[in-house]
Amino acid sequence: MLCVINSRFLTQKITGSQRFAIEISKQLKKMDHDILFVAPKNILHKNIAEELEVKTIGINKGHLWEQVDLPLYLKRIGSPLLVNLVNTAPLFYKNKVVTIHDISWKHFPCSVSKKFYSFYNFLIPKIAKNSLLIFTVSEFSKNDISKNLNIDKDKVEVIYNAIACKFKRIDSIKKKNIILSVATLQPYKNMEGLIKSFILLKSKYSEFKNYKLVLVGGINQKVFRNTGTLNLIGNKQNIVFTGYVSDNELVKWYNKAKLFVLVSKFEGFGIPPLEAMACGTPVIVSNVASLPEVCGDAAYYVDPYNVENIAKGMKTVLENESLQKELIQKGFKRVKMFSWEKSAQKIIGILERFS
């Protein structure tokens, strides 16, 4: 059975959803030769496109390509099963499976532009209803999608994220007085709360005066509203905002950091904590959404709505070497529970139902 993968994600910057799509696609390519990857012509990640032997089709790009060029092409080749890996899909093409990573936009409409919210609020519920099946990345997201989009749970399958093998401990890189966070700047990621907690930590406890907070991630001005976080950072020399970095640079940051912190108010999955664990860095995360499901006993949990609790958590872990070692060892074990190969095998098994 021919299966087509909507590879529009290769035209987008890599965040968690695109990383899922890329890694799953690589595994699917290895496992099944009867899969065709199709994309618009404006591909950003050309080396990955070559690896997947992507076929470029159509004359449009973005949503117009997905809603017009893609379904027209599919009908010309016999209307095969279409697998969509990053939230959106052709609305009027019925033989499809869609991956909805989360519905954060529904819970935090202030995180996105009015145009983005209106488009997603129109498109996603309709796609969820008329797709054969929905993939999502955690039990938390499955329950959330089922409840808020009024979808039967039997129609939603959980396909976990994992991490790339390049994320690992590098013994030659020495730990520095760095607290690291990796996230796109948008309100529900709670960077503002993290920054306030870091400022509180340094002001209350002199032993942390030489620490730096490093924030890795970008902000999509076309989609996400100005959060004010950059204004909060100001000219503080002990807070570093790197913007997007390559995976190789990210591995170095994980290895340099003495502590990784992600205090999101909402996560459909959350790949960065697992990446940090794989690099041998103790992890602090929020006690909400999918993070307890993903991190299990391998993280120290804090209340994302309580600045003092976050600061206390950072102090507790940084001061306690035995706790750090315990979290690091549990982190190495936790990471092994997630595998792109296993997730791709589960997808193949599920898609066979439609053959």
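These notebook entries record what I looked up in the predicted model shown above.

**Basis.** I worked from a predicted model, in which local features need pLDDT of at least 70 and side-chain atom pairs count only at pLDDT 80 or more, while totals for chains, interfaces and linings use all residues. I number residues from 1 along each chain as its sequence is written, and side-chain values use heavy atoms, with hydrogens and water left out.

**Entry 1: two helices.** I looked up helix α12 (residues 307-319) and helix α13 (residues 321-335), which pack at an angle of about 95 degrees with their axes 5 Å apart. Axes are lines fitted to C-alpha atoms, for helices over the stretch in contact, and angles run from 0 to 180 degrees between N-to-C directions. Helices are DSSP runs (H or I, at least four residues) and strands likewise (E, at least two), numbered from the N terminus. The angle makes α12 roughly perpendicular to α13 (65 to 115 degrees). In the contact (heavy atoms within 4.5 Å), Thr316, Val317, Leu318 and Glu319 of α12 meet Glu321, Leu323, Gln324 and Leu327 of α13.

**Entry 2: aromatic pairs.** I found 16 aromatic pairs in the structure. Rings of Phe, Tyr and Trp (its six-membered ring) pair if their centres lie within 6.5 Å; planes under 30 degrees apart count as stacked, over 60 as edge-to-face and the rest as tilted. The rings of Phe108 and Phe266 have centres 6.2 Å apart and planes at 70 degrees, so this pair is edge-to-face. Phe108 lies in the loop between α4 (104-107) and α5 (114-130) and Phe266 in the loop between β11 (259-262) and α10 (272-278), so the pair ties together parts 158 residues apart in sequence. I noted both Phe108 and Phe266 as buried (under 20% relative accessible area, 1.4 Å probe, protein chains only).

I then turned to Phe116 and Tyr120, a stacked pair with 4.3 Å centre to centre and 25 degrees between the planes. Both lie in helix α5, four residues apart, about one turn of the helix. Tyr120 has 11% relative accessibility and counts as buried. Ring pairs link Trp105, Phe116, Tyr117, Phe119 and Tyr120 into a cluster.

**Entry 3: Ser290.** I located Ser290 in the loop between β12 (283-286) and α11 (291-295). Ser290 counts as buried, at 0% relative accessibility. Leaving aside neighbours within four places in sequence, Ser290 is in contact with Ser138, Phe140, Glu267, Gly268 and Phe269. I also noted that the C-alpha atoms of Ser290 and Gly270, 20 residues apart along the chain, are separated by 7.6 Å.

Note on methods:
Parallel < 35°, antiparallel > 145°, perpendicular 65-115°, else oblique. Buried < 20%, exposed > 50% of the residue type's maximum accessible area, 1.4 Å probe, protein only.
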